[in-house]
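Please look at the sequence and the structure below, and keep both in view while reading the report that follows.

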Amino acid sequence: FATSIGKCVLTYLPIEVANDILRWIASSFQSAAALLYDPCGLEDAFGRVMKRNIERRGCSLPGALPGGVRAHKERLERCGFTSAAALSMLDAFHHVLTSQERTRADECERLDELEEFELLMRHYALAIGTNNERDLHDATVGLLL
């Protein structure tokens, strides 16, 4: 079983290069999974400001997918993963973490602006693709499905 984890990696590569990497992972291993964490929804007002702030620091985002969370799931499917799922980090925070984990996170970092936190978390996607439906089920029980 091969697993690839990308934390804001593909967004810094041209889309076709990123897609080539995903296609290679999906086709090179009998049982493979890609777990990705990347920005999404950069077309709305908050997303445009977020992107502009990143670019002001000298980082371009040539691989930022247009669209929301669904675009990440669809990309994985187009690149050869037979099963894929995706959700926003805000959904992950509310539906994947237990109430105890959310409380612990809140105690670590008290947020003054809950609205800003929610906006930011809506603009990041967690996506997983596998080339084996059983692997997706095993990897996402209680997580993404």
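This is a predicted model: local features need pLDDT of at least 70, side-chain atom pairs count only at pLDDT 80 or more; totals for chains, interfaces and linings use all residues.

Asn-131 belongs to the loop between β4 and α7 (133-140).

The side chain of Asn-131 takes part in polar contacts with the backbone. One of its polar atoms lies 3.0 Å from the backbone oxygen of Ala-26, and the side chain also reaches the backbone oxygen of Phe-29, at 2.6 Å. When residues up to four places away in sequence are not counted, the residues that Asn-131 touches include Ala-26, Phe-29, Gln-30 and Ser-31, and also Gly-80, Phe-81 and Thr-82.

## Strand β4

Strand β4 covers residues 124-130, and seven of its seven residues are buried. In a regular strand the side chains alternate between the two faces of the sheet. In β4 both faces are covered, with Tyr-124, Leu-126, Ile-128 and Thr-130 buried on one side, and Ala-125, Ala-127 and Gly-129 buried on the other.

Strand β4 is paired with two other strands. Strand β2 (residues 32-39) runs antiparallel to β4 and is joined to it by seven bridges, with Ala-33 standing opposite Thr-130. Strand β3 (residues 83-88) is also antiparallel to β4, to which six bridges join it, and here Leu-87 stands opposite Leu-126.

## Helix α1

Ala-26, whose backbone oxygen lies 3.0 Å from a polar side-chain atom of Asn-131, is one of the buried residues of helix α1, together with Ala-18, Asn-19, Leu-22 and Ile-25. Seen down the axis of α1, these buried residues fall within an arc of 120°, so they line one face of the helix. An α-helix has 3.6 residues a turn, so residues three or four places apart point the same way. The face of α1 turned away from the buried side carries the exposed residues Trp-24 and Ser-27.

The helix α1 comprises residues 15-28, which makes 14 residues, and it reaches 20 Å from its first C-alpha to its last, close to the 20 Å expected at 1.5 Å a residue.

## Ile-15

Ile-15 lies in helix α1 and is partly exposed, with a relative accessible area of 28%. Although Ile-15 and Ala-64 are 49 residues apart in sequence, their C-alpha atoms are 7.4 Å apart in space. Leaving aside neighbours within four places in sequence, Ile-15 is in contact with Pro-62, Gly-63, Ala-64, Leu-65 and Arg-75.

Note on methods
Residues are numbered from 1 along each chain as its sequence is written. Side-chain values use heavy atoms; hydrogens and water are left out. Helices (H or I, at least four residues) and strands (E, at least two) are DSSP runs, numbered from the N terminus. The expected span of a helix is 1.5 Å times one less than its number of residues. Buried means under 20% relative accessible area, exposed over 50%, partly exposed in between (1.4 Å probe, protein chains only). The arc is that of the directions from the helix axis to the C-beta atoms. Contact means heavy atoms within 4.5 Å. Two strands pair if DSSP finds at least two bridges between them. A polar contact is a pair of N or O atoms within 3.5 Å; within protein, one must be able to donate a hydrogen and the other to accept it, and residues adjacent in sequence count only if both atoms are side-chain atoms.
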